[in-house]
Amino acid sequence: MTHEIRAVVAREKGAPVALETVLVPDPGPGEALVRVHACGVCRIDLHYREGEVADEFPFLLGHEAAGVVESVGEGVTEVAPGDVVVLNWRAVCGGQCRACRKGRPWYCFAPRHAGRPMTLADGIPLSPALGIGAFAEETLVAAGQCTNVDATASPAAAGLLGCGVMAGFGAAVNTGGVGRGDSIAVIGCGAVGMAAIAGANVAGGARIIAVDVDEGKLRRAERFGATDTVDSSRADAVEAIRTLTGGFGAAVVVDAVGRPETYKQAFYARDLAGTTVLAGVSTPRLTIELPLLDVFGRGRSFEVLVVRRLPALTGLPCADRALSAGPLRPGELRQREDHTGRGGAGLRQDASR
């Protein structure tokens, strides 16, 4: 059995979206039918319309939503009709994929979605954005995509948990691995960036640096736990972050904007032993060109490249053998300490190799 609803559909790449009649089947085994009460507008929906995420048109747009379960299919125990839920696109498989078996469900490679498609009135199947499709009166999802929330919660606020909050909080805590005493810089203080700041605060980050061009967002970031703010319209964000972290850069830098220029800032503002996390991407096909010296550090990249090409040679430098004096003999390699300051701490003769 199917019934008709109204929903926002993108039929063709780049074409205006339209409110269409959509046919929704009754929930099958493991599925739930949810009446949508609120759905946020996420930039990912624009990327779906522009064909930058996939080319499986037509798309049923919308994913950052909350609503009430109308009915459930056979075998569903997670939710029941009448439950107030947030819809989430990362409904983990629960141990079937390698990521979940490793205890990293946020990387799940087999997320669950509804098995049967919603269709246009003429029977053409729709591709729901992120497996949800919530710019609609109702949507059919896997029951595991429904997360129960307090029935008194505002649907507009609760819906943010399904995308913006999940992405930002996870970027800081799961992917970035921020822990007690760590420093973190968050570039971009929209919904995703604010969630990353809150996540770092919960995780015990000692120095939480918010970067944005909007003074209002920076003040709001302080309320979410930022210890320092940088107005990147007035100051060099990279230099400001380095100054605030003793010259080393932040242990974790989250780019919550997703543009080439902000990702470069995030990359250069990190500690060389730190992590850069790209979250809330606004440019899915992001291409970044970075010099190899910037990746490995001066005085180190050359060694790495050479070592990877070395044939099997005898007479390699050894910690318990003094370096010979005079010019190099054929096939001989030497290491020395770098006193120029360009290579960081440099290499001692007895350094690990």
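1. Basis. This is a predicted model, in which local features need pLDDT of at least 70 and side-chain atom pairs count only at pLDDT 80 or more, while totals for chains, interfaces and linings use all residues. Residues are numbered from 1 along each chain as its sequence is written, and side-chain values use heavy atoms, with hydrogens and water left out.

2. Overall make-up. The chain has ten helices and 15 strands; these are DSSP runs numbered from the N terminus, with helices (H or I) of at least four residues and strands (E) of at least two. Of the 353 residues, 40% are buried. Buried means under 20% relative accessible area, exposed means over 50%, and partly exposed lies in between (1.4 Å probe, protein chains only). Contact means heavy atoms within 4.5 Å. Among contacts between residues at least 6 apart in sequence, 62% join residues at least 24 apart.

3. Nonpolar cores. A nonpolar core is a set of buried Ala, Val, Leu, Ile, Met, Phe, Trp, Tyr and Cys residues joined through side-chain atoms within 4.5 Å. The largest one has 21 residues, and those with the most contacts inside it are I184, C189, I197, A210, A221 and V254. Elements giving two or more residues to this core include α4 (164-175), β11 (183-187) and α5 (191-203). The largest share, five residues, comes from α5. Leaving aside neighbours within four places in sequence, A221 is in contact with C189, M194, I197, A210 and A226. Another core, of 14 residues, lies apart from the largest one and has A32, V79, V85 and A143 among its members.

4. Salt bridges. A salt bridge is a side-chain nitrogen of Lys or Arg within 4 Å of a carboxyl oxygen of Asp or Glu. By this rule the count is twelve. One of them joins R11 and E20, N to O, at 2.8 Å; R11 is partly exposed at 40% relative accessibility, whereas E20 is buried at 15%. In another, the closest N and O atoms of R207 and D228 are 2.8 Å apart. This pair links distant parts of the chain, with R207 in strand β12 and D228 in strand β13, 21 residues apart. Salt bridges that share partners also join R35, E70 and E138 into one network.

5. D231. Where is D231 placed? D231 is in strand β13 (residues 228-231), and D231 is buried because its relative accessible area is 14%. Its side chain is joined to that of S233 by a polar contact of 2.5 Å. A polar contact is a pair of N or O atoms within 3.5 Å; within protein, one must be able to donate a hydrogen and the other to accept it, and residues adjacent in sequence count only if both atoms are side-chain atoms.

6. P29. This residue, P29, is found in the loop between β2 (18-25) and β3 (31-40). P29 counts as exposed because its relative accessible area is 64%. Leaving aside neighbours within four places in sequence, P29 is in contact with G73 and E74.
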